[in-house]
Amino acid sequence: MRYAETGYNLEIDLSRGSIERVETDPRLTELHLGGLGTNAKILWDRVPPETEPFSPDNLLIFSTGLLCGTPAPGANRTIVTTYSPQTLLMGYSMMGGFWAPELKYAGYDKVIFRGKSPNLVYVWINNDKVEIRDASHLRGKGAVETAEVIRQELKEPKAQVAAIGLAGENRVYMASVEQGRSSASRLGIGAVMGDKGIKAIAVRGTKDINLARPAEFIKLCNEVLQYIKVRDQKPVPGVMPILAGLGSPAEMKLVDEEWHTQNFMWGNARERKRDYWNKEIEGKWKETQETVRTRLISCYNCPMKCGALISVPGISTYMMKCFSKLTYAMAAFSDLDFGFRIAQRATEYGVDGFSTPQVMAFAVELKEAGILTDQDFAGCPSDSEGRFYWLLDRIVRREGIGDVLANGTYWAAQQIGKGAEAYAHNNIKKHEQLPLKLGMLNPVYFLMYSTGEKINITQIEGQFPQAPFPTMEEREDFVKDWIQVPDEKFKKYLLDWEMRGERSNPYYPTVDMSVDIVDWQEMMHYIDDALGVCAGLSAFPLKPPYHIHNYPVFISSATGIDMDEAGLRQVYKRNRTLLRAVNVRRGLRRADEKPPEDHWKKRFPELEAKLLDAYYKFKGWDHQGIPTKETLQELDLGYIAEDLEQRGIIKNE
Ligand code: SF4
């Protein structure tokens with residue numbers, strides 16, 4: 001019997017119209033757990049590195065995590081994986097909500113799409129009955145609207161529907177997959193879904209999931225729930241409000257936006273407004289938020305309520321994700337009311353709420369600089385908000401200049417030329433980043449920005465505070481109940497970290513400490529992404545309920561796999577290295593591993609080189625960031641070493 005997982009994947013070839021239920025190899029679960037780990041393995045095995053993102057040979061994998069569908073709180077992530085049109089590397093993006101548990105209950109761990117459908121279709125997975133259905137009547141419909149129409153036509157109000165909007169249909173590189181209360185936004189996943197001709201995937205499942213040692217597992221789940229309650233009463237003092245509690249992060253509860261509005265950049269990630277926040281703005285924004293936010297809501301089996309239902313008069317209700325609350329407002333130099341309004345349209349179109357506002361702000365700057373012309377903007381309103389709506393409509397339809405902008409700032413700048421590249425200044429690995437520009441280089445963040453494969457800083461960071469506490473008293477207070485540390489040395493790192501002087505950025509944390517910290521943070525994210533547990537309860541917040549000490553017993557009691565901390569670390573290392581190998585085979589090298597040039601004003605090239613060297617060495621990779629043969633063999637990835645050797649990527653010396 002298989003525990004925690006179903007042991008079956010659905011394989012759907014859209015070119016042939018075939019559907020197969022395929023039993024999976026339990027050994028792969030032991031090696032990679034599930035979710036991101038097994039997705040990367042499938043991509044490595046089955047998609048040759050020369051494959052273009054929009055080739056029928058590219059796979060699009062919708063995966064549950066290993067613990068999804070079990071009673072583990074917050075185990076609800078769907079991990080969507082493919083080759084990204086934006087970065088040309090492996091793209092993986094996650095969504096919360098309800099879809100993954102429903103797929104497990106229908107009897108599948110993953111849905112793997114191959115080929116392309118000649119017509120727009122949607123897939124209906126109803127336990128054992130799986131159909132590819134015509135979706136021509138859904139063409140052009142919004143992602144949220146599509147889900148509603150499908151539920152009605154199936155007469156199945158409990159079906160969970162993941163859908164794309166117009167942006168995905170038109171292969172916009174920022175296209176997301178929307179799932180009611182969540183979305184897989186990064187790296188153009190929705191564009192690949194649209195390219196394959198899939199408008200939506202509806203799922204309904206009513207089966208059970210088996211647990212290896214249910215009583216023990218339920219006890220652990222109750223401990224997590226209990227800890228969440230206790231932690232709720234004990235916000236971490238001395239950190240910004242969104243980092244004080246658990247959740248992902250709890251933006252929709254908060255009305256205090258002083259930190260974001262004054263520290264993040266406005267427009268095309270250029271301008272800081274140090275004195276923006278005042279009593280008047282605070283009152284106005286509070287009123288706006290409390291008027292439109294009808295209800296706080298959670299993902300499947302989670303008490304945290306990170307999302308909110310938003311009802312702006314005159315437009316249909318939608319669910320806002322934490323990160324898009326301010327991105328449109330600040331990119332357009334507007335305010336919260338505008339942010340709530342345009343996010344509704346953007347959600348229906350199905351676009352990444354992080355990238356898309358930056359692409360539009362980039363276009364506005366190019367116009368102001370005379371690089372884009374009046375002709376490019378013919379018919380565009382002159383006010384900022386009107387301009388953003390106009391640009392959004394053009395981008396998702398790929399009309400006029402929107403066709404160029406739909407490829408994201410990096411590719412659009414190449415196409416536009418005339419110096420436009422200098423305006424695409426906020427990219428990593430060809431993708432838009434957090435609109436944040438700072439003074440002094442932070443060694444930990446330098447490594448995370450440079451080497452992360454997800455191209456999303458919030459899904460690499462966490463665990464270790466982002467800044468030192470000013471006094472020793474505060475530090476001692478912080479470390480005294482810091483049970484999550486994998487090693488006591490991290491407490492010392494924090495206790496010695498000063499705001500100024502010798503033990504401050506950029507030389508403290510030291511190179512080796514920075515590598516340790518990044519490795520811990522990455523480890524937790526990679527484990528979450530394999531288990532399908534929300535980072536909001538694990539890798540992202542300070543002092544979370546899930547950590548390296550309780551995860552092994554969660555895994556072993558759920559699956560029956562013999563797992564301890566050392567074993568779990570080995571799985572993490574294997575998955576981390578496998579992902580790196582997938583991208584290395586696609587051409588990723590050291591030269592690609594850098595933050596946006598202007599992210600920090602004060603840069604230290606020598607130190608940065610040492611950081612990268614030390615990080616690669618720690619991981620068992622060579623100077624270019626390529627895993628060595630020995631490392632691969634030690635991690636049971638000898639077949640990758642052989643492949644990389646045959647391609648001349650690992651030199652056989
Ligand atoms: S912590 Fe927030 S985002 Fe995460 S599962 Fe819970 S409600 Fe969803």
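This report describes helix packing and salt bridges in a predicted model.

## Basis

In this predicted model, local features need pLDDT of at least 70 and side-chain atom pairs count only at pLDDT 80 or more, while totals for chains, interfaces and linings use all residues. Residues are numbered from 1 along each chain as its sequence is written, and side-chain values use heavy atoms, with hydrogens and water left out.

## Helix packing

Helices (DSSP H or I runs of at least four residues) and strands (E runs of at least two) are numbered from the N terminus. In α16 (residues 408-416), the buried residues are Gly408, Thr409, Ala412, Ala413 and Ile416; buried means under 20% relative accessible area, exposed over 50% and partly exposed in between, with a 1.4 Å probe and protein chains only.

The axes of α11 (residues 324-331) and α13 come within 9 Å and cross at roughly 5°, the axes being lines fitted to C-alpha atoms over the stretch in contact, with angles from 0 to 180 degrees between N-to-C directions.

## Salt bridges

The structure holds 56 salt bridges, each a side-chain nitrogen of Lys or Arg within 4 Å of a carboxyl oxygen of Asp or Glu. One of them joins Glu257 and Lys325, with closest N and O atoms 2.6 Å apart. Glu257 lies in the loop between α8 (241-244) and α9 (258-263) and Lys325 in α11, so the pair ties together parts 68 residues apart in sequence. Both residues are buried.

Lys286 and Glu290 also form a salt bridge (3.6 Å, N to O). Lys286 is partly exposed at 36% relative accessibility, and Glu290 is partly exposed at 40%.
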